Amino acid sequence: ERQLSEARAAELGTSSWALWESDETLADSWPVTYADPETVHLLDGSVKVTQEETGIEVNLEAGDLASFPAGARYLWEASSKVRLR
């Protein structure tokens, strides 16, 4: 979902999800394999997420919500600090 509304965020309870932030020690890109299905709400920054198997790319910006299936491998790329839940 693009630009998640406050009402939708409240419905999903995103404010209670664990907070994750990138920092200076994190590379500009990092691989992620999801053991379980996962949904994230990007709070700050922007990223390009590429599914490694298919090469399909999605650009996410602050306010966006994205879901990832279990077992999928993605490459995350960011040019600045990222915060998400």
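How do the residues of the lining of the largest pocket divide into nonpolar, polar and charged? In this predicted model, the lining comprises 10 nonpolar residues, one polar residue and two charged residues. The pocket itself has a volume of about 230 Å³, and among the 13 residues that line it, those closest to its centre are W20, Y34, E38, V40 and L84. Two strands, β2 (29-33) and β3 (38-44), each supply at least two residues of this lining, and the largest share, three residues, comes from β3.

The protein as a whole contains one helix and eight strands, which follow one another along the sequence in the pattern α-β-β-β-β-β-β-β-β. Its radius of gyration is 13 Å, close to the 12 Å that the globule rule gives for 85 residues, so the protein is as compact as a globular protein of that length. Along the principal axes, the C-alpha atoms fill a box of roughly 35 × 30 × 20 Å. Of the contacts with a separation of 6 or more, 72% are accounted for by residues 24 or more positions apart.

The accessible surface amounts to about 5,300 Å², with 48% of this area belonging to carbon and sulfur atoms, while buried residues make up 29% of the 85 residues. T14, which lies in the loop between α1 (6-12) and β1 (20-21), is counted as buried because its relative accessible area is 4%, under the 20% cut-off. When its neighbours within four places in sequence are left aside, T14 is in contact with L4, A9, H41 and R85.

Key
Residues numbered from 1 in each chain as written. Predicted model: local features only at pLDDT ≥ 70, side-chain atom pairs only at ≥ 80, totals over all residues. Heavy atoms only, no water. 1 Å grid on protein atoms, 1.4 Å probe; cavity = no way out; pocket = protein on both sides within 12 Å on 5 of 7 lines; lining within 4 Å. Points joined across faces, edges and corners; volume = space filled by probe spheres on them. Helix = DSSP H or I, 4+ residues; strand = E, 2+ residues; numbered from the N terminus. Nonpolar A, V, L, I, M, F, W, Y, C, P; charged D, E, K, R; others polar. Buried < 20%, exposed > 50% of the residue type's maximum accessible area, 1.4 Å probe, protein only. Contact = heavy atoms within 4.5 Å. Rg over C-alpha atoms; globule rule 2.2 N^0.38 Å. Areas by Shrake-Rupley, 256 points an atom, 1.4 Å probe, with all protein chains shown as cover.
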